[in-house]
Amino acid sequence: MVLTDTHTHLYYETDTDKRAQMMQRCLENNIGRLFLPNVDSASVPMMFDLVKTYPDACYPMLGLHPCSVKDEWEEELAAIQPALHQHKIYAIGEIGIDLYWDKTFLTQQVQAFKLQIQWAKTLKLPIVIHCRDAFDEVYQVLRNEHDENLRGIFHCFTGTLEQANKIIDLGFYLGIGGVVTYKNAGLDKILPQIDLKHVVLETDSPYLTPVPYRGKPNESAYLIYVAQKVAELYQISVEDVARITTENSEKIFGV
């Protein structure tokens, strides 16, 4: 059994001993594939350091997180872009729109989102989308940019069945993480109505920790609890969840 964490910021842990322990716990829980999104130019070397240390398990992505889009967003993208051609990259992400904390930079977020979509199309890479309190805005961009080269993951999906179907119709997969284990989140009602062939698993560690560790820092090893909950909802084995969602991740990332 191999589980794939399609979205983890495990590189935030800079203590090498703690990081090694985290990776060991991943192996103990059959989580053998970790896809790493950076968030800004400062996080790029941190991410690649982890990839260099664990090349058989860690796969890098590159992008500018919408919460990192400020007035100097073009300079940030210019600082990130060279790494696209210096390393093997598996996706552009995480990118998108976030209006939860601040709506000040909506215009800039849309511009940055569109530009990075063009990066992905040029490089024939998937995108990994961050969307918070901005479904309509993100969906509009995706509709406008939609063609045969636009594909990827709608990270941390927590929306409605209607929204899920809209995303799937555009050829995207739904990233399901710890929120599915939360009692009143509602995902437990929606997810069984969606074919598992459209789903991948993620942790978004160190955020969105699943039950039974909710309230504590998340880590990729806890993906097992997401997988167990998904198996319960679909009434299939954890092994089947691992097989199907890992196969989905292989289709997306090409590895």
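User: What share of the 255 residues in the protein chain is buried?

Analyst: A residue is called buried when its relative accessible area is under 20%. In this predicted model, buried residues make up 55% of the 255 residues in the protein chain.

User: How many helices and strands does the protein chain have, and how is its radius of gyration to be read?

Analyst: The secondary structure comes to 10 helices and eight strands. The radius of gyration is 17 Å, close to the 18 Å that the globule rule gives for 255 residues, so the protein chain is as compact as a globular protein of that length. Along the principal axes, the C-alpha atoms fill a box of roughly 45 × 45 × 35 Å.

User: Which part of the contacts joins residues 24 or more positions apart?

Analyst: Among contacts with a separation of 6 or more, residues 24 or more positions apart account for 74% in the protein chain.

User: What does the surface of the protein chain consist of, and where do the charges lie on average?

Analyst: The protein chain exposes about 11,400 Å², of which carbon and sulfur atoms supply 48%. As for charge, there are 23 positive and 34 negative charges, and their mean positions are 4 Å apart.

User: Where is N30 found, and which residues does N30 touch?

Analyst: N30 is found in the loop between α1 (16-28) and β2 (31-37), and N30 is partly exposed, because its relative accessible area is 34%, a value between the cut-offs of 20% and 50%. Leaving aside residues up to four places away in sequence, N30 touches M1, V2 and L3, whereas the C-alpha atoms of N30 and Y213, 183 residues apart along the chain, are separated by 18 Å.

Note on methods
Residues are numbered from 1 along each chain as its sequence is written. This is a predicted model: local features need pLDDT of at least 70, side-chain atom pairs count only at pLDDT 80 or more; totals for chains, interfaces and linings use all residues. Side-chain values use heavy atoms; hydrogens and water are left out. Helices (H or I, at least four residues) and strands (E, at least two) are DSSP runs, numbered from the N terminus. The radius of gyration is taken over C-alpha atoms; the globule rule is 2.2 Å times the number of residues to the power 0.38. Buried means under 20% relative accessible area, exposed over 50%, partly exposed in between (1.4 Å probe, protein chains only). Contact means heavy atoms within 4.5 Å. Accessible areas come from the Shrake-Rupley method with a 1.4 Å probe; for residues, only the protein chains shown count as cover. Lys and Arg count as positive and Asp and Glu as negative; His and the chain ends are not counted. The place of a charge is taken as NZ of Lys, CZ of Arg, CG of Asp or CD of Glu.
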